[in-house]
Amino acid sequence: MRQEEFDQCYKLANDLYTKAKAQGQQPVMLQVAGFKGHAELADPRWKEIPPKYWHHYVVVLNNVVYDPSAKQFGLSKTEYTVGELGRTWETVYKVK
């Protein structure tokens, strides 16, 4: 994982949100928390905090989740369905 991707999920998601909004689209930015995936695949720097306290930011556009920094959690897909989001994270909050 590139250093500039680690713990940069808010910035990357916000950049994506802003770009989509400027194009006249209706994005939704979400904060998710409580990782339910395979914690052993995450970047080692996350392992200092229990996965139930991990948080992350993604953008939803047309029922597709865009997750530009998913790799920091060992996730291979950066685009997936809203249903998959709920299988990976316990809690979802709408940010904007």
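Three salt bridges are counted in this predicted model, a salt bridge being a side-chain nitrogen of Lys or Arg within 4 Å of a carboxyl oxygen of Asp or Glu. Because the model is predicted, local features need pLDDT of at least 70 and side-chain atom pairs count only at pLDDT 80 or more, whereas totals for chains, interfaces and linings use all residues. Residues are numbered from 1 along each chain as its sequence is written, and side-chain values use heavy atoms, with hydrogens and water left out.

Side chains of opposite charge can pair when their charged atoms come close. One of the salt bridges joins D15 to K11, with the closest N and O atoms 2.7 Å apart; both residues lie in helix α1, four residues apart, which is about one turn of the helix. D15 is partly exposed, with a relative accessible area of 39%, and K11 also counts as partly exposed, at 46%, where buried means under 20% relative accessible area, exposed over 50% and partly exposed in between, for a 1.4 Å probe and protein chains only. A salt bridge is also formed by D43 and R45, whose closest N and O atoms are 2.8 Å apart; here D43 is buried, with a relative accessible area of 10%, whereas R45 is partly exposed at 31%. In the salt bridge between K77 and E84 the closest N and O atoms are 2.5 Å apart, and K77 is partly exposed, with a relative accessibility of 41%.

Helices (H or I, at least four residues) and strands (E, at least two) are taken as DSSP runs, numbered from the N terminus. The buried residues of α1 are C9, A13, N14, Y17 and A20. Seen down the helix axis, these buried residues fall within an arc of 130°, so they line one face of α1, the arc being that of the directions from the helix axis to the C-beta atoms. On the other side of the helix, K19 and A22 are exposed. The buried residues of α1 pack against strands β1 (28-35) and β2 (55-61), contact meaning heavy atoms within 4.5 Å. After α1 comes G24, which has a positive phi near 85°.

Strand β2, against which the helix packs, is mostly covered, with six of its seven residues buried. Strands are said to pair if DSSP finds at least two bridges between them. On this basis β1 and β2 pair in the antiparallel sense over six bridges, and A33 has H55 of β2 as its bridge partner. Strands β2 and β3 also run antiparallel and are joined by three bridges, with Y66 of β3 as the bridge partner of V59. The hairpin of β2 and β3 has two residues between the strands, and in this hairpin N62 takes a positive phi near 55°.

The loop between β3 (64-66) and β4 (79-81) contains S69, which is buried, with a relative accessible area of 1%. The side chain of S69 makes a polar contact of 3.2 Å with the side chain of Q72; a polar contact is a pair of N or O atoms within 3.5 Å, where, within protein, one must be able to donate a hydrogen and the other to accept it, and residues adjacent in sequence count only if both atoms are side-chain atoms.
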